[in-house]
Amino acid sequence: MKDTYADQAAAGPAASRGAVLMIQGTASDVGKSLVTAAIGRIMTRDGYRTAPFKSQNMALNSYVTADGLEIGRAQGMQAEAFGITATSDMNPILLKPSGEMSAQIVVHGVPHAALSAREYREKFLPEAKATVMDALERLRETYDIVLMEGAGSPAEINLKSRDIVNMNLAGWADAPVLLVADIDRGGVFAFIVGTLELLEPHERARVKGFIINKFRGDVSLLQPGLDWLEERTGIPVLGVLPFLPQLRIEAEDSVVLERTSGKQREGAEEVIDIAVIRYPRISNFTDFDPLEDEPDTTVRYVQSADELGTPDVILLPGTKNTAADLRYLREQGIPQAIEQALGLGTQQLAGICGGYQMLGGRLLDPHAVESAEPGETEGLGYLPLSTSFLQQKTTVRVSGGLAADHPLRLNTAAPGAPEELPVTGYEIHMGTTMNHDPSSVRSLFTLTGPDGQAVPEGWGTPDGRVWGSYLHGLFHNDELRRSWLDGLRIAKGLAPLTATFSAAALREQEFDRLADAVQAHLDMAAVYRILGLPAGGE
């Protein structure tokens, strides 16, 4: 007997509103998110109101919407690429892994429950269809086209019966499917044909075209394989997309860090060496993307004490489980390596969000938010702080400034220099942090509170050598980022570089670079025909 979900998926919906197109992949990390972003930006440029949608996303890199809700970072990025405001409807269910077999379930931007994989499958998924379809229908009422992104592969046999993100969802929405495969990893034809073989007949019928992604070389040499594939499957190859080196659009999954060892610069003595500690549950590592794009930095992700060395800056990033990742640091001997590096010349130790919490003296978990039972963990002890993990999550966008005389900025005496450097960012955390000795530290930022009052945020030592903040997106503030880096340069005896680039402008440039490359190699006229819509400009 077929599962109820599969029966419903085969039947499809009774009616439709805005057009829907689903982008699925033969595996994880084949480029679905970026292909979706590119196609949506092309459609937006062609005059269609376009929105992204991913029913269920699993990621530790998340995004805070303008109304303070948490969604997957990929859907936030896609919305920005489409020139629209992200909403929780674009990713109604977000899974944030907290352990090997458990995750925090976020529904419409708000924590819903912490469940094991089995509990999620048996207790939550049977009720999830209404949440997913209501969100999708609201988007279809608002936009001309909704681009639905799948997850992993649609051919995961053990997951198909209760699938809410691949072929079952395509059936509920009556959506045609484009299948993306990554040729760079090898075996592209086996991936495509194997995926089709594992689909049910009504699922295969939804696949209207293939997109081969990350191709390097002469496409004419690939043509015999493309001809064979089309003859074998009866499904056209709509495009062979080129591999785009150094594409500076943030990634969602930490799998990309496997390929990140730090860019090498000429003249190491004139480069600021930044070491980011990569713990197992690292989150929102995209905070550091603008640092990688600076001309005078090397950003390294390190996992052991031996890799650390004596960098100019050590950064402790966000984490989904502060206490567990702090235990990992101790198992690896990293706290001792950090202490040694600070004694040998490392200029600064900084923490963002979970890393900020680690810098304090104690981590308190009275409600077992991060652990199986209530408990307390000793922090690194660099700042006189304690953090208590609460059951309510803080998700908010903030703005404010950094004072002119703060040691984290280059305090020049230039006429007309602003008294305060502007800063914007966002917070995502379960804990609240208390300062037990305000006289021994100084606040980093002054934020504008909900009632317009000034609110201090973040703490650091008076000399600026150790500091921490809850603000994600800190280094996306151009003036602040460059002033901070130039202060580090001056401490090394180097001249400041002043302004280098705009993170926001670079992001728009890269969105267009991606869309231009896809438009040049993808048959968009065929894509529009699949949707029954006029091509752009018609």
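## Contacts along the chain

Among contacts in the protein chain between residues at least 6 apart in sequence, what percentage join residues at least 24 apart? The figure is 76% in this model, which is a predicted one.

## The chain as a whole

Let's start with the parts list: the protein chain has 17 helices and 25 strands. Its radius of gyration is 24 Å, close to the 24 Å that the globule rule gives for 538 residues, so the chain is as compact as a globular protein of that length. If you box up the C-alpha atoms along the principal axes, you need roughly 70 × 50 × 45 Å.

## Inside, surface and charge

Of the 538 residues in the protein chain, 54% are buried.

As for charge, you'll find 47 positive and 71 negative side chains in the protein chain. The centres of these two sets lie 3 Å apart.

## A look at strand 13

Now zoom in on strand 13, which covers residues 272-277. Is this strand mostly covered or mostly uncovered? Mostly covered: five of its six residues are buried.

Strand 13 pairs with strand 15 (residues 297-302) in the parallel sense, over six bridges. To find that pairing on screen, pick Asp273, which stands opposite Thr298 in strand 15. Strand 13 also runs parallel to strand 16 (residues 313-316), and three bridges join them.

Methods: Residues numbered from 1 in each chain as written. Predicted model: local features only at pLDDT ≥ 70, side-chain atom pairs only at ≥ 80, totals over all residues. Heavy atoms only, no water. Buried < 20%, exposed > 50% of the residue type's maximum accessible area, 1.4 Å probe, protein only. Helix = DSSP H or I, 4+ residues; strand = E, 2+ residues; numbered from the N terminus. Pairing = 2+ DSSP bridges. Rg over C-alpha atoms; globule rule 2.2 N^0.38 Å. Contact = heavy atoms within 4.5 Å. Lys, Arg positive; Asp, Glu negative; His and termini not counted. Charge placed at Lys NZ, Arg CZ, Asp CG, Glu CD.
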